[in-house]
Amino acid sequence: MLNRRHIRIKVMQTLYAFRGSESDDFSKDQKFLLFSIDNMYNLYLLLISLLLEVKKRAEIDLSKKQKKHLATAEDKDPNKKFVNNQLLELLSSNSELKSQMEFHKINNWELDTEYVEVVFKSITSSELYKEYMETRVSDFKEDKTFIIDVFKEVIAPNEKLYEYIEDKNLTWLDDLPIVNTAILKLLRKVKHSTQEAHFTPKLYKEDDDKQFAIDLFKKTLLNRSSLNNEIEKKTKNWDADRIADVDYVLLQMAINEINNFPSIPVKVTINEYLEIAKEYSTPKSSIFINGILDKLVKEFREAGTLNKMGRGLL
């Protein structure tokens, strides 16, 4: 679910917040980094569980209508297409997903039912819902397309839900686009015969990604003085106050990665940090960072100090 760019962003945010020096104890900061990454999985489960709670809310709505004293013919024989949606049925019957939600104590919607109500009303008042409910039967493909569209067009952009997530956990704001994208990818790949594990993906894509996060964080901090020295040599004509703090952190991380991670190609490192700079720093940051890194890599190559293993990594 989590790729290395997301890991680099998490490391950048932790380094940006770090206020000590390279000689200080940073075990608490490392612990926070790993907690922040692990907590993305809780956000994933929270949003998936919202789909299930909306389904329950729809079932309650139908039940109330059927029990009305003056129930209409439509109330007595309602359209159950939404509550019987085959993709939602797959989710609600998934024992592994249920187990993960219990393990991670995902019970927010039981306590904050008003947000389920907000999302439920947003869905049922949408044109997507009206078009979907024009018929009483559907196949798996239609059910799946409907849930994907609802998540993308109704749930993900919901402002009330955004505010709720912001209040619950500040780090989730940056995680939200990543998690939303991961959910949409999972939903698009679902088949009627999908295995239960499909909805409980691994947080780290590769087994060594967690160690990569730890190493990138620690090595950047432990080499901060030498990294700053490399940056200062290439920015002599720059007023230090003009260099954005985020750019400084990204340069530290990129130079560290170029020097201390032999298996990662130079081009990959540079491209990753340029993309992060475009998203998290100033409009001109990526040009500035690219210029510094380009000069340093040329110097490292000429000096023969570029430590890269394998073909095509330079």
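How many helices and strands does the protein chain have? The count is 16 helices and 0 strands. The notes below concern a predicted model.

1. **Overall form.** The radius of gyration of the protein chain is 24 Å. The globule rule gives 20 Å for 314 residues, and the value here is well over that, so the chain is more spread out than a compact globule.

2. **Ends of the span.** Take Glu-74 and Glu-302. They are 228 residues apart in sequence. In space, their C-alpha atoms are 79 Å apart. Glu-74 sits in helix 3, which covers residues 73-76. Is Glu-74 buried or exposed? Its relative accessible area is 62%, over the 50% cut-off, so Glu-74 is exposed.

3. Residues 24 or more positions apart account for 81% of them. Buried residues make up 49% of the 314 residues.

4. **The nonpolar core.** In soluble globular proteins, nonpolar side chains tend to be buried together. Here the largest nonpolar core has 102 residues. Which residues have the most contacts inside it? They are Tyr-44, Phe-82 and Ile-155. Helix 2 supplies the largest share of this core, with 17 residues.

5. **Phe-82 up close.** Leave out residues up to four places away in sequence. Phe-82 then touches Val-54, Ala-58, Leu-88, Tyr-129, Tyr-132, Met-133, Phe-146 and Ile-147. Phe-82 is also one of the residues that line the largest cavity.

6. **Cavities.** Rolling a probe the size of a water molecule over the atoms shows where empty space is left. The structure holds 3 cavities of 30 Å³ or more. The largest has a volume of about 40 Å³. Its lining consists of Leu-51, Val-54, Phe-82, Leu-88, Ile-123, Ile-147, Val-150 and Ile-155. Two elements give two or more residues to this lining: helix 2 (27-66) and helix 9 (140-155). Helix 9 gives the most, with 3 residues. By class, the lining has 8 nonpolar residues, no polar ones and no charged ones.

7. **A buried aspartate.** Asp-209 lies in helix 12, residues 209-222. Its relative accessibility is 2%, under the 20% cut-off, so Asp-209 counts as buried. What does Asp-209 touch, not counting residues up to four places away in sequence? The partners are Leu-2, Arg-4, Ile-7 and Tyr-204.

8. **A loop residue with positive phi.** Most residues other than glycine have a negative phi. Lys-105 has a positive value, near 55 degrees. Where is Lys-105? Look in the loop between helix 5 (95-103) and helix 6 (108-111). At 63% relative accessibility, Lys-105 counts as exposed.

9. **After helix 16.** Thr-305 belongs to the segment that follows helix 16 (285-303). Its relative accessibility is 45%, between the 20% and 50% cut-offs, so Thr-305 counts as partly exposed. Thr-305 and Asn-259 are 46 residues apart along the chain. Their C-alpha atoms are separated by 8.2 Å.

Conventions: Residues numbered from 1 in each chain as written. Predicted model: local features only at pLDDT ≥ 70, side-chain atom pairs only at ≥ 80, totals over all residues. Heavy atoms only, no water. 1 Å grid on protein atoms, 1.4 Å probe; cavity = no way out; pocket = protein on both sides within 12 Å on 5 of 7 lines; lining within 4 Å. Points joined across faces, edges and corners; volume = space filled by probe spheres on them. Helix = DSSP H or I, 4+ residues; strand = E, 2+ residues; numbered from the N terminus. Nonpolar A, V, L, I, M, F, W, Y, C, P; charged D, E, K, R; others polar. Core = buried A, V, L, I, M, F, W, Y, C linked by side-chain atoms within 4.5 Å. Buried < 20%, exposed > 50% of the residue type's maximum accessible area, 1.4 Å probe, protein only. Contact = heavy atoms within 4.5 Å. Rg over C-alpha atoms; globule rule 2.2 N^0.38 Å.
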